[in-house]
Amino acid sequence: MSESCGGPEPMQEEEERRYGDIAEIAIGSTVQMEAGLKTEVFREEEMDEDVDESPSERQIVVGICAMMKKSKSKPMTQILERLCKFDYIDMVIFPEEVILEEPVERWPLCDCLISFHSKGFPLDKAVEYAKLRNPLLINDLNMQYFIQDRREVYRILKEEGIDLPRYAVLNRDPDNPEECSLVEGEDHVEVNGEVFSKPFVEKPVCAEDHNVYIYYPTSAGGGSQRLFRKIGSRSSVYSPETSVRKTGSYIYEEFMPTDGTDVKVYTVGPDYAHAEARKSPALDGKVERDSEGKEIRYPVMLTAMEKLVARKVCLAFKQTVCGFDLLRANGHSFVCDVNGFSFVKNSMKYYDDCAKVLGNLVMRELAPQFHIPWSIPMEAEDIPIVPTTSGTMMELRCVIAIIRHGDRTPKQKMKMEVRHPLFFELFEKYGGYKTGKLKLKKPKQLQEVLDIARLLLLELGQHNDCEIEEKKSKLEQLKTVLEMYGHFSGINRKVQLTYLRNGQPKASSEEEDSKKDGPSLLLVLKWGGELTPAGRVQAEELGRAFRCMYPGGQGDYAGFPGCGLLRLHSTYRHDLKIYASDEGRVQMTAAAFAKGLLALEGELTPILVQMVKSANMNGLLDSDSDSLTDCQQKVKARLHEIMQKNQEFTVEDYQKLAPTGSPSLVNSMKMIENPVATCDKAYALIQSLTSQIRKRLEDPKSADLQLYHSETLELMLQRWSKLERDFRMKNGRYDISKIPDIYDCIKYDSQHNASLSLEDTLELFRLSRALADIVIPQEYGISKAEKLDIAQAYCVPLMKKIQLDLQRTHEDEAVNKLHPLYSRGVMSPGRHVRTRLYFTSESHVHSLLSMFRYGGLLDEEKDQQWKQAMDYLSAVTELNYMTQIVIMLYEDNNKDPSSEERFHVELHFSPGVKGCEDEENVPLGFGFRPASSENEDKKPNQGSLEDLSQDQTDEALPISEPINIQRRSPMVRNRKTGSMEVLSETSPTQISKGCASHRLFHSSARQSPEIKPTSGLGFEGCSMVPSIFPLETLHNLLSLKQVDEFLNRVCESSSEGHAKTMKALAGLFNSQSQTSLYSPQQPLSSSGSETSFQPSGQALWHGSIPSSAVSSAGPSSPTTDTSGVNFSFSE
């Protein structure tokens, strides 16, 4: 039995067991009692009449020896006031001037000492006083020297076997130069031989110094976040500085991806720990404060493992009252800081508990020697009161959204064959020979390619006949593109090298001259495709609008409309995870969306590093575009064949090209009539465009014109003349695969560079759009069978993941949950909403939609609502930027838990951003109608969801309904009005009020399906940022069972997809690649990896204590049977 913290006698087992039950419990009322504590040196206390006053009985004096700022603080005052209620305890507060100026012999006497260091406190004198008087110490004094040095803190934690981040110490000590080896690289540092990749953390060794810096990798935008002691409403600031500090001693440690929250734990003795979480100061540096100006924190439940850690910390540092910080990451909890004596602020419950525990501790230790009759009081444990839901409220349990990235610059690529030895050396250096392919994205690698290009151009310039075969114009383009932004960031450029054993096959276009034999490398340079400022605004706005999906999303919270329970996201009620593929534009879209959703401020880099998980290398959100499936190759060939006929489309062509009879496709074909003639027109328009740009370039007035997103006319011309060269091939036929690129460029220019007012851009836009509307969707399959086949190749792993998200929602998880005692206003507080957001590119969105449309989810013959949804989808021409597919899962608490009606799923969709002149031919859906918001009286007028800011009560609700009106939860539901009839039955007066269909975003609340929308998502003012189409409901009456069976069916039927899924999921959960975009790979702890392949029938969490591998996001899912292999993991 380890010693009580600093107490002279060991604790008795019996007592320890008895009050080990004062569980960690958290914030109750925040109403403040005004403390009226008397601070005389001794407090006279009237003894109860019936107590036998023997001469040896006297009061136990507890002394408080600390700086006045601490001893007179509100928490201390509240706790001392409660301690005085113990009959035999008296308090004495040592005055600050006595502590600082008087010798310890003249300090007041006491039997028990509460003394702790803070700025300016003479710890040496306190140690001397304790030697002289030998009081019972609540917090050991000698250990407080160690707490002031982070190196010592980490040493003690390590000795105790407590998990802490991997770290190394850099001591800049002139006497021991060998402890000071620092090598700094672009994206890592090496400290005494130990390598830390960015992001890493740099902490001063002195614990009083709060200037902790976090350094970000260049791939996320670089720079660093500087944390400091809170000043007003800031706790950190972003800085572009990327190199580490060169003076002073520091600890370097791995950055832990915590989803943006920190957990603070406060112990009172080894058996009591209270925990709260706050927004991590590194996220955007803004301190969240409530209406009284206090930092917002939430009480959280600690897991059994974490309670054990709290006990170890308390005993190891011999501090009864002790605060420390926990980081919950990768399914573990790591201690990153121990602060010594500290109290919770503003929690009445904590004040009561703390005084009770301290009072009992003092009495237990000292009562016997004072002959005070005393036994530990037995208390009835507080009975947790958990309210149930009332009426027919449906509870939102899960939101899953798949979202395409925002507006980007046109994607561009250039191919060249290279043979110079320097390229081969580079290829070998980065291991290209292993697979014959190499991808270079890191700034250092791109710099090497640029150096080679510069060198070769220099040699070319000096003498023309030298051995360099690389085409000069291509080398120059390589150099221009690599030099483009003045700095490298892997987010916007990459070079791919492929080994060709016998050189490139016979000339593609201009290389008819003498070909050399022997091996060469094909160099492909890709650039562009970056998220534009408009794309950021779109993503942020959509994030903001998304808040309305959540209960309480309309209420005002700390000055932010619509934050409801979202503010402290990944905790308490909202378990949020954001995944993105590994493309820069997709990651930046995800970060901007998170910024809007969670009302964050400032730079995207810190948000990206902490909130966005990269799902790369596992096919979940990335598609390896180079490896097309056989089916896709065949489809492309057929498409090219039909599109290269120089005649009007025949009936047969319509059957070949549009077997599904989709109206959007048929309309485009009617508009085109003759595909080759249309391509001719488009080609002529491109020629006219390039010649117009050339003229502008010759004109000195416009030569150095700045275009959108710092493009120049020169670069714009390169873009278009490359398309002009590539679109029409040498044999005079057209390369159909260039159509999407042409549409992409003209769409971009007509939106962002309209100020150039070039002629005929609109005509080119119209023609290329018609062509693209055929080519793009049909590349994902022409017949239903092909569409399904290709879709499965892309998105089976993602569909498996969605299935797990839906299945795991209704198990109880140990996510940072709200403590049930303190959430009385919340419906069933044990529960929370899980949100999973997947940001990806066009291919995944097309594929996923194909799966839902053609995979046989519902039969449109039998289901009217689904038929209407299918008609709407086939009229949608383009899945533009920010397209969303949203799945929402609700629970009806009144239904039997085992019945099919208990869980209910809704499917919503939006085709994303509005195009340039879309208004006149927009397909009309039937609005956003979550079934959960249609109440008993068929009045779907719940103040309509689009109202983001005002918070009025709903006139539409009959007051007799047992609905919690002040929470304004749009969660009323009625079986009878599940489908479309609602619209037709709405009274005309309501239609005029604009509430006939629920609009999620405050954009055109279309009054009825016939009326055209007029306005958009009120942010057009922003440099032509187009607004986003509101969500349309595809179906709002699906049961979870239906959806689950559907997902099983489509995933199982794909054998190839199945192998991929296994690989992907194993990759996702083994390599921990999902933990964070930039989490350094680390060996998993011995307690088992994140993926446990289990024997059937036993889930991971059987057993009393959760293994430390179980993530804070809850126990692993029940093992899902995937043909024999069960994986269960925590994601």
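**View 1. A patch of negative charge on the surface.** In this legend a patch joins like charges within 9 Å, taken from residues with over 30% relative accessible area and no salt bridge. With that in hand, welcome to a close-up of a predicted model. Here D173, D175, E178 and E179 come together on the surface as a patch of negative charge. To find your way, look for D175 in the loop between β5 (167–170) and β6 (182–184). D175 has a relative accessibility of 64%, so this residue counts as exposed.

**View 2. The aromatic pair of F341 and F343.** Two rings count as a pair if their centres lie within 6.5 Å, and this rule gives a count of 29 aromatic pairs. One of them joins F341 and F343 in an edge-to-face arrangement, with 4.9 Å from centre to centre and 70° between the planes. Both F341 and F343 are buried.

**View 3. The aromatic pair of Y350 and Y351.** Let's move on to two tyrosines. The ring centres of Y350 and Y351 are 6.4 Å apart and the planes meet at 65°, so this pair is edge-to-face as well. Y350 has a relative accessibility of 0% and therefore counts as buried. Y351 is also buried, with a relative accessible area of 0%.

Notes
Residues numbered from 1 in each chain as written. Predicted model: local features only at pLDDT ≥ 70, side-chain atom pairs only at ≥ 80, totals over all residues. Heavy atoms only, no water. Patch = residues over 30% accessible without salt bridge, like charges linked within 9 Å, V, L, I, M, F, W, Y side chains within 5 Å. Areas by Shrake-Rupley, 256 points an atom, 1.4 Å probe, with all protein chains shown as cover. Salt bridge = Lys/Arg side-chain N within 4 Å of Asp/Glu carboxyl O. Lys, Arg positive; Asp, Glu negative; His and termini not counted. Charge placed at Lys NZ, Arg CZ, Asp CG, Glu CD. Helix = DSSP H or I, 4+ residues; strand = E, 2+ residues; numbered from the N terminus. Buried < 20%, exposed > 50% of the residue type's maximum accessible area, 1.4 Å probe, protein only. Phe/Tyr/Trp six-rings, centres within 6.5 Å; stacked < 30°, edge-to-face > 60°.
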